[in-house]
Structures are given as C-alpha cells and as structure tokens.
Amino acid sequence: MEILKSNKLANVFYDIRGPVLDAAKRMEEEGHRILKLNIGNPKPFGLDAPEEIIQDVIYNLPDSEGYCDSKGLFSARKAIMQYTQQKKIQNVGIEDIIIGNGVSELIVMCMQGLLNNGDEVLVPAPDYPLWTGGVSLGGGKAVHYLCDEQSDWYPDMDDIRSKVTDRTRAMVIINPNNPTGAVYPDEVLNEMLEIARENDLIVFSDEIYDKILFDGVTHTSTASLADDLLIITFNGLSKNYRLAGFRSGWMIISGAKHKARDYIQGLEMLATMRLCANVPSMHAIQTALGGYQSIFDLVNGDGRIVQQRDIAYEMLNDIPGVSCVKPKGALYCFPKVDTKKFNIRNDERMVLDLLEQQKILLVHGTAFNWPDPDHFRVVFLPRPEDLTAAMQRMKQFFEGYHQL
C-alpha cells in the first residue's frame, strides 16, 4: 500500500523551491550554469554579513553547547526589546519576545497555536507563500485579499472588508512587501488596523525587510500604531544583516495581551516543545541590532542594492510587453507580462521556458498566490554587471516568446 502524505499538506505549496528549481538542479547536473534569481539569499551574491557579528558568534561558541531558555537568550531578547523601543512599539517586555529558527518557524507556530479547523486568516495576494502554507498546516483557510498594482501595490481595503466572515481570526500584513516591494504609509496601515478593530482580529505583521528601503521611504511598525489590538511582529537577521543561513528570527507580542492570555500560553507551550532555537546564532542578535547598521550603506544614495533595484526596474520596463511598479523596499521586482502578447496561459511554463532557453531561474507569480498567470518575481541581488547581463538575456527571451 502506498504511504500518502497528510491531508493537511493538500493546500501547501512553496514553489520558490519547487518544480522549477528541480528542473534547474537537473540542468546543473548536466553542466549548465544557472543564474538563480529565485530566492532572496544575499550571501551567494557577495553581500556578506558584518564581520563583527561573525566574530561575536565565534567567540561565544564555547558557551552555546547547551539548551537555553525556550524563548531565547536573555541578552538577545533584551536587544530585541530595545529595538522595539526604537520602533515605538509600547509595553514590550522580555517575556513578550520569542526567538525562533527563522521567522518561518514562528509563523507556523503562531498558526498552529491559534487556528481550529476551518478558521480563516486574511493573507495578501500576492503573498510570501509560507503564510498561506502555515495557515493550511494549522488547519485553517487562507483567504487572499488583493493588493492593487495600480496603487503602488497597496492593499485593496474594499476587498479586505468583503472577505471578512464570522470565521476570520486574523489579518496578515507583509510590510515591506515580498514580492512586490511595496512599503505601506501610515494611512494604509491605520485603515487596515481599523478593519481589524471592527472585526476583533489578531494582526500578524511581517517586517523582515524593515531596513531595506529606497528613495527616502520610511517604515512604520504596525504595532506602533495600535495598542488595543493583539499584534505579533516578526523580524530577524536574514535580510537586513545578510545572515539567512543563521536561521535566527523573532516575534514580538504587543498590544491587547490581556485578551490573549490563553493563546500566549499556547505559543509558550509550542516554544517549549522545540526546547529552544539555534543557540549559536542568537549571539549574533545583540551585536547586529546594536552595532553599525551597514545595510544603510547598501540601500541609500548610490549603494549597491539601490543600484541593482534601479537596473532591474528600468530594464524590465524596457522589455516590450513587460511592466513593473518601482519597488520602495525589499529585494524584489514583481513585473507584469502581457498575456495576450505572449499567449501566456501558464506562468510556471513561462519561467520553465526562460530557464531552458536563458539559464535564468525565476519564480512565477501564481506561486505567490496571485490569481492570474501574468506576473513573475525577480530577485535583484546579483552585482550590477551580472544583473545587467541577466536583464539583457531576459529581454532577448521575451522578444521571441510565444507560449505554445
């Protein structure tokens, strides 16, 4: 008898590392060199973490062999607590912070601790697909509210309101947004919070890119705008500090904690069950948050990442049949393709064709729970000269592309 996977996995997809990546691996085994623009992984593109962080982790390795508190090292949580004060999130104590093996683990933990079968969570479309997967694994249903490409990819408030039901438990906000690069101003966040307030929803605010901002744009933590709602804020070392492999992230519980004592106890139980997160990487947190913020050198003025953003944005818009909203933050463009011009009915087939013809690995838009096959995501992490060459190859692909 064939052993089948759990029904809980029926609606779980993570095509950032899915069938298209599998095809890329097969091509690499055949000797092809693939440019991987499918994942926001800074290190392979020469974006190194600050040396002082690495040295502090090495220095503390001898003291990292045992378990620590299930919520994380005191020194790391103290640094995160101080960071919440900089972000103007009120009344956060040491015990309100839980460190995890990346934000990914904490998202799944939050969904498992909250949802009963059939409960609904409002998730943006497009989204970072782990949010949808985490809701499904928790037994819930992800209900996708649309973000409006014509309005800088801001959430469509009427669409959010139309999708609230008596089963809706929470709202997810991804800001700065992956995959669109949108950064929400206070008025947008306040309107989303008002919807949460009207419907007694928990707010999950994913802010992992909060320092990767362009063109003078500033970031406001959602939790700084409301203390009458339960808000859980997620952040970590992966992007701002180029430490994706350390798998060190955290969640901050703030606001109406008095209304959620039972849920918080559930989160603490789940944190205890996995004993603790990776201890060596926690030693990076205090140095990272308290040290020189080298990310600003990369995203301000003529910094490398802003240069790469500009190259990707300008060269994508130079391709006939492709258009792109300029990202205000994060590490991605989410361009639109003219499906009639290219006869595109399947966007996964489109990125597979690009992979086979130009040896460039991308992720199709429907992998981010976008409803139509008319987008794809580009990671603009390669050095400017490599990114320019990739964009030229992409233009060459689309000039002759017509999906069969």
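Student: Where is Asp 152 placed?
Tutor: This is a predicted model, and in it Asp 152 has a positive phi of about 55° although it is not a glycine. As for its position, Asp 152 belongs to the loop between E4 and E5.

Student: Which peptide bond that ends at Pro 126 is cis, and in which loop does Pro 126 lie?
Tutor: The bond concerned runs from Ala 125 to Pro 126, with omega near 0°. Pro 126 itself is located in the loop between E3 and H5.

Student: What is omega for the cis peptide bond that joins Asn 175 and Pro 176?
Tutor: Pro 176 is found in the loop between E6 and H7. For the cis bond that links Asn 175 with Pro 176, omega is about -5°.

Student: In what order do the strands of the eight-stranded open sheet run, and which strands stand at its edges?
Tutor: The pairing in this sheet of eight strands is mixed, and the order is E2-E9-E8-E7-E6-E3-E4-E5. Two of these strands have a single partner strand each, so one side of each is left without a neighbour in the sheet. The edge strands are E2 (97-100) and E5 (154-155).

Student: Which residue of E9 stands opposite Phe 234?
Tutor: Strand E8, residues 230-236, and strand E9, residues 249-255, pair in the antiparallel sense over seven bridges. Opposite Phe 234, the residue in E9 is Met 251.

Student: What angle does the direction of H4 make with that of E9, and what angle does the direction of H7 make with that of E6?
Tutor: Helix H4 packs on the sheet and touches E2, E3, E6, E7, E8 and E9, its direction making about 45° with that of E9. Helix H7, residues 186-198, also packs on the sheet, where it touches E4, E5, E6, E7 and E8. The angle between the directions of H7 and E6 is about 170°.

Student: At what angle do the axes of H4 and H5 cross, and is the crossing left-handed or right-handed?
Tutor: Two packed helices are described by the angle between their axes and the distance between the axes. The axes of H4 (residues 102-114) and H5 (residues 129-137) come within 8 Å and cross at roughly 35°. The crossing in which H4 passes H5 is right-handed.

Student: Which residues of H4 and H5 make their contact, and how do they divide by class?
Tutor: From H4 the contact is made by Ser 104, Ile 107, Val 108 and Met 111, and from H5 by Leu 130, Trp 131, Gly 134 and Val 135. By class, the residues of this contact are six nonpolar, two polar and no charged.

Student: How many cavities of 30 Å³ or more does a search of the whole structure find, and what space lies in the largest cavity?
Tutor: The search finds two such cavities. Among the residues that line the largest cavity are Tyr 83, Lys 87, Glu 207, Asp 210 and Trp 250, while H3 (74-86), E8 and E9 each supply at least two residues of the lining. By class, this lining has four nonpolar, four polar and three charged residues. The space in the largest cavity is about 50 Å³.

Student: How many nonpolar, polar and charged residues does the lining of the second largest cavity have?
Tutor: About 30 Å³ of space lies in the second largest cavity. Its lining includes Pro 42, Leu 47, Ile 212, Lys 239 and Arg 242. The classes come to seven nonpolar, no polar and two charged residues.

Student: Which residues lie nearest the centre of the second largest pocket?
Tutor: The second largest pocket holds about 380 Å³ of space, and its lining divides into seven nonpolar, two polar and six charged residues. Of the 15 lining residues, those nearest the centre are Ile 34, Leu 35, Lys 36, Pro 44 and Phe 45.

Student: In the three-stranded sheet, which residue of E15 stands opposite Tyr 332?
Tutor: Three strands form this open antiparallel sheet in the order E11-E15-E14, with E11 (332-333) and E14 (363-364) as edge strands that each pair on one side only. E11 is joined to E15, residues 376-379, by two bridges, and the two run antiparallel. Opposite Tyr 332, the residue in E15 is Val 379.

Terms used: Residues are numbered from 1 along each chain as its sequence is written. This is a predicted model: local features need pLDDT of at least 70, side-chain atom pairs count only at pLDDT 80 or more; totals for chains, interfaces and linings use all residues. Side-chain values use heavy atoms; hydrogens and water are left out. On a 1 Å grid over the protein atoms alone, a cavity is a set of points where a 1.4 Å probe fits but cannot get out, and a pocket is an open set with protein on both sides within 12 Å along at least five of seven lines; lining residues have an atom within 4 Å of a point. Grid points are joined across faces, edges and corners, and a volume is the space filled by probe spheres set on the points. Ala, Val, Leu, Ile, Met, Phe, Trp, Tyr, Cys and Pro count as nonpolar, Asp, Glu, Lys and Arg as charged, and the others, Gly among them, as polar. Axes are lines fitted to C-alpha atoms, for helices over the stretch in contact, and angles run from 0 to 180 degrees between N-to-C directions. Helices (H or I, at least four residues) and strands (E, at least two) are DSSP runs, numbered from the N terminus. A crossing is left-handed if the near helix is turned anticlockwise from the far one by less than a right angle, and right-handed if clockwise. Contact means heavy atoms within 4.5 Å. Two strands pair if DSSP finds at least two bridges between them.
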